[in-house]
Amino acid sequence: MTDEKRIERLSAMLKRRGIILPAFEIYGGVSGLIDYGPVGASIRRRVIQNWIEHWTINGDIVEIDSPTITPENVLIASGHVGEFNDLMSQCEKCSSAFRADQLVEGHHPNPDILNSKEIDEILNSNKIKCPNCSQSQWAPSKPMNLMFGTKIGAMKSSRQAYMRPETAQGMFMLYPSLYRHFRQKLPFGAIQTGKGYRNEISPRQGMIRLREFNMAELEYFIDPENPPEVDLSASKEKISMIPDPNGNQRKEIKITFQDAIKNNVIKDTTVGYFLSKTWDFLIGVGIDASKIRFRQHEGNEMAHYAEDCWDCEILGEHGWIECVGIANRTCHDLQSHEKYSNSNSLRAWREFDEVKVENKEILSPRTSVLGPQFRDKAGSVISALESLENIPENLPFTLQLDDGSNVEITSEMVDRKTINNSVAGEWFTPHVIEPAFGIDRIIWHILDHAFEEIEKEGEKYNLLKLKESISPADLIVLPLFEKDGMGMAARKLNTQINQMQGVKCLIDSSKSIGRRYARADEIGVPWAITVDHQTLEDETVTVRRRDDQKQIRIDIGQLLDLINTNLVSTLF
RNA sequence: GCGCCUGUAGUGAAGGGGUUAUCACCUGAGGUUUCCAACCUCAUGUCCCGGGUUCAAAUCCCGGCGGGCGCACCA
């Protein structure tokens, strides 16, 4: 933040090199929408690939993929429609905006059901004051819907739908399938990467607040009574945390994950585990460790579903930016979907340690007597007998039916029996811990932290010190000159390297060698292979390390082996 | 959404009611060159969009779109 022009130079470089660009620019652009260019798209793909591998490595988490178009019911159940359809009223004096239903609270028994006209009437007739400036002059209230609406189907029968505001609902929709896939045993998780959509009022700060953005979310389902054991003893690093949002002395502390859990700084061990996994991921893709902190949410900024929530914030040119949210969503989503969908398959079975055997006394109905006696009422009499909690000592007795009417039960109608009832377990709704990653924000900070401006022989020189695993290409082949067969040898080598699975190699033969090194450095290619005169004689090339420009000569065959085994770095 | 500032080649800038809009870097072709943005020749490419004022608008005015900052909003 000390150098205000750095962000402009970085943005210009990202555009010039085809990394991040404004979308639809020839039509004037659309704010909140960006393109990943030919270089940026490779970086994005690799970051996402790293993220997927980071979570799926243990086998308890699988990847799924679900539609971005989401029917309205789903988002009603999840709470998004309600949350996003609030009416907003703006004070014409001081421009403060407030949720209209909260302003008229106390002037109407149920403000939720009011439309904008009714809200405006109440605001004006009661002269409700602006909480900020105490004036009473309101602009007409407007619904604030941060979801992009659409219709499924064309004609009358079309259904209201929205572009998903998060990928999480896809995982909840697939819970029954996941439960089967994991042999009906918790814990397990599902991840999804893809686009999310929020029609932001004012997108700002480049790629920080977008209207269409890359999300990567994990839903990890656990039994709250038997949370998974976690071992964080291997993680010795002291992490910046800002806990205790409601305490008086809110400040940043440095503490290991293990101690944070032990000392109740992080209350939920599973949340703590995911905080540490999040840390590992961010370090792995090249985020600067000193620019990461975890901040616990305050009560009033907590999402409508979350019980406890931590943000992972990263420091960059825009200040501290929330890049990951880790929330304990408890059973909110699954329970709500059960209720709205009438499904009963969003649960898990918890076996008791010991089978509970109950000896229970019941009155078993003699249907041959009850039938003729009560006729069409017989059914409800039988169900009332079955649900009877306290078996009366003496017969006859008066039994109340569901409809409130009473019947008399005599000893001829029932048999007094004792039955063995064994209960092996119970159904419950799993809790879910959700780490949600804003991929674009993370990529921004990767670029920000990797972007280095140095001086080289009196000239400005840019470097993108990307980690090997997320650089847009693994290597670049450069013929020293495009003659004497050097160009040919370079093209052959480039082809050989690109034939390897998962390896991406570029080739560049235009302009001077120094300029080509500079271009490769600026987009973050870690290794440059130079084909020179000696190559033609002895089949050796030089390998140049981006970060310090050191060069080593090596036999082509050996180099190909090193590339194939991802061990080029061991050369130096 | 409000307020202030703002929009000129790919990037960064200069200029500005009147011939063909300027510069650097970049990019491309050729030359030269035995490893770090060298040099020479040539070339491509620009006034955000729409309306208005005017004989004439890239320039002035209005609106839109985009960008920056502040306020507001923001899972």
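This is a predicted model: local features need pLDDT of at least 70, side-chain atom pairs count only at pLDDT 80 or more; totals for chains, interfaces and linings use all residues.
A polar contact is a pair of N or O atoms within 3.5 Å.

**View 1. Meet the protein surface around RNA strand B.** Here 48 residues surround RNA strand B, and the closest are His 80, Arg 198, Arg 515, Tyr 517 and Arg 519. By type, the residues of this surface divide into 14 nonpolar, 20 polar and 14 charged.

View 2. At least two residues each come from helix H1 (6–16), helix H4 (80–84), strand S23 (459–464), helix H16 (513–522) and strand S27 (540–545). Look out for H16, which gives the most, with six residues.

**View 3. Side chains meet the bases of RNA strand B.** Start with Arg 198, where a polar side-chain atom lies 3.0 Å from a base nitrogen. At Lys 456, a polar side-chain atom is 2.9 Å from a base oxygen. For His 533, an N or O atom of the side chain is 3.4 Å from a base oxygen, and a pair of N or O atoms within 3.5 Å is a polar contact.

View 4. You can find Val 30 in the loop between strand S1 (20–22) and strand S2 (34–36). With a relative accessible area of 39%, Val 30 is partly exposed.

Conventions
Residues are numbered from 1 along each chain as its sequence is written. Chains are lettered from A and ligands numbered from 1 in the order in which they are written. Side-chain values use heavy atoms; hydrogens and water are left out. Helices (H or I, at least four residues) and strands (E, at least two) are DSSP runs, numbered from the N terminus. Buried means under 20% relative accessible area, exposed over 50%, partly exposed in between (1.4 Å probe, protein chains only). A residue is near a molecule or strand if one of its heavy atoms lies within 4 Å of it. A polar contact is a pair of N or O atoms within 3.5 Å; within protein, one must be able to donate a hydrogen and the other to accept it, and residues adjacent in sequence count only if both atoms are side-chain atoms. Ala, Val, Leu, Ile, Met, Phe, Trp, Tyr, Cys and Pro count as nonpolar, Asp, Glu, Lys and Arg as charged, and the others, Gly among them, as polar.
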